[in-house]
Amino acid sequence: MKATHEHEWEASPGLPSALPPGERVVWQGAPDWKRLAIHAFHVRKVALYFALMLAVQAINLTAPEGPVDWKPLVVAASLYALALALLSATAWMSARSTLYTLTNKRVVMRIGIVLTLTFNLPFKRIVGASLKTQGAGTGDIALALNPEDRIGWAHLWPHQRAWHVTQPQPTMRCVPDSQHVGGVLLNLWQAERAGQSLQLGDAPAATQAIPAPGMLA
């Protein structure tokens with residue numbers, strides 16, 4: 001999706017203030033809302049749960065002999081459909097209000113539907129990164145910060161790496177062309193911290209370390 005400049009208080013889209021001399025925007029992007037609905041708001045899992053509940057209810061309704069009153073099933077199905085629609089709408093609004101920015105000095109994350117928050121993450125405070133691909137070119141890019149730098153898990157949601165509660169990792173969720181964006185991030189980090197190595201912590205099987213330049217597919 002294409003992010004639009006809806007926040008008039010911003011100096012430029014995604015940036016709360018003008019960039020200082022020598023800093024420039026290299027990349028900007030927003031989550032794919034459909035992938036965000038699936039992987040962050042778990043619409044598919046919720047839909048499967050609702051389908052199972054409807055199946056159980058249908059079995060219970062048809063078990064007794066005599067005429068079957070399908071009204072409870074219709075009411076339940078309508079409520080489930082409404083819940084899924086609201087969940088999908090929340091994912092759409094979350095993606096629409098989000099804008100990730102890579103400059104040659106930092107990562108900027110503007111997030112929030114009602115209460116907008118902007119997080120500035122200088123490359124000097126980022127010690128690790130990982131890429132979790134999701135198919136269709138999208139993926140999550142999680143950023144590990146210095147231990148003394150902590151952002152509240154609730155403040156980041158849903159833009160945080162799953163199961164990392166005590167030391168939350170800000171995450172660019174469901175980024176299109178994530179392999180390319182990961183390579184850009186690595187190049188910028190290495191240029192800012194010349195001679196240092198980006199630490200890559202252990203990750204689940206579905207997550208891979210951001211590869212070095214030239215190794216991207």
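## Architecture and packing of the predicted chain

The protein chain contains 5 helices and 8 strands. The model is predicted. Read from the N terminus, the order of elements is β-α-α-α-β-β-β-β-β-α-β-α-β. The chain has 217 residues, of which 38% count as buried. Among contacts between residues at least 6 apart in sequence, 63% join residues at least 24 apart.

Two packed helices are described by the angle between their axes and the distance between the axes. The axes of helix H2 (residues 43-62) and helix H3 (residues 71-96) come within 10 Å and cross at roughly 175°. Angles over 145 degrees count as roughly antiparallel, so H2 is roughly antiparallel to H3. H2 contributes Val43, Val46, Ala47, Phe50, Met53, Leu54, Gln57, Ala58 and Leu61 to the contact. From H3 come Pro72, Leu73, Ala76, Ala77, Tyr80, Ala83, Leu84, Leu87 and Ser88. By type, the residues of this contact divide into 16 nonpolar, 2 polar and no charged. Ala51 also belongs to H2. Its relative accessibility is 41%, so Ala51 counts as partly exposed. The C-alpha atoms of Ala51 and Ala77 are separated by 8.7 Å, although the two residues stand 26 apart along the chain.

H3 has 26 residues, which should span 38 Å at 1.5 Å a residue. The end C-alpha atoms of H3 are 37 Å apart, in agreement with that expectation. Buried positions in H3 are Leu73, Ala76, Tyr80, Ala91, Ser94 and Ala95. These buried residues pack against helix H1 (33-39) and H2. Ser94, in H3, has a relative accessible area of 4% and is therefore buried. Beyond its neighbours within four places in sequence, Ser94 is in contact with Leu36, Phe41, Ile113, Pro158 and His159.

In soluble globular proteins, nonpolar side chains tend to be buried together. The largest nonpolar core in this model has 24 residues. Within this core, Leu102, Val107, Leu121, Ile126, Leu143 and Met172 touch the most other members. Two or more residues each come from strand S2 (99-103), strand S3 (106-111), strand S4 (117-122), strand S5 (126-135), strand S6 (138-145), strand S7 (171-175) and helix H5 (178-192). H5 gives the most, with 5 residues. Ile126 touches Val107, Leu121, Leu143, Ala144, Leu145, Trp189 and Arg193, with residues up to four places away in sequence not counted. A second, separate core of 8 residues includes Ala37, Ala40, Phe41 and Ala91.

The buried residues of H5 are Ser178, Val181, Gly182, Gly183, Val184, Leu185, Leu186, Leu188 and Trp189. Their cover includes strand S1 (25-29), S2, S3, S5, S6 and S7.

The loop between helix H4 (153-156) and S7 holds Gln169. Gln169 has a relative accessible area of 11% and is therefore buried. With residues up to four places away in sequence left out, Gln169 touches Ala142, Leu143, Ala144, Leu156, His159, Gln160, Arg161 and His164. Pro158 also lies in the loop between H4 and S7. A cis peptide bond joins Trp157 and Pro158, with omega about 0°.

Most residues other than glycine have a negative phi, and most peptide bonds are trans. His42 has a positive phi, near 55°. This residue sits in the loop between H1 and H2. The relative accessible area of His42 is 33%, so His42 is partly exposed. Asp177 likewise has a positive phi, near 55°. Its place is the loop between S7 and H5. Asp177 counts as partly exposed because its relative accessibility is 46%.

Technical notes
Residues numbered from 1 in each chain as written. Predicted model: local features only at pLDDT ≥ 70, side-chain atom pairs only at ≥ 80, totals over all residues. Heavy atoms only, no water. Axes fitted to C-alpha atoms, helices over the stretch in contact; angles between N-to-C directions. Helix = DSSP H or I, 4+ residues; strand = E, 2+ residues; numbered from the N terminus. Parallel < 35°, antiparallel > 145°, perpendicular 65-115°, else oblique. Contact = heavy atoms within 4.5 Å. Nonpolar A, V, L, I, M, F, W, Y, C, P; charged D, E, K, R; others polar. Core = buried A, V, L, I, M, F, W, Y, C linked by side-chain atoms within 4.5 Å. Buried < 20%, exposed > 50% of the residue type's maximum accessible area, 1.4 Å probe, protein only. Expected span 1.5 Å × (residues − 1).
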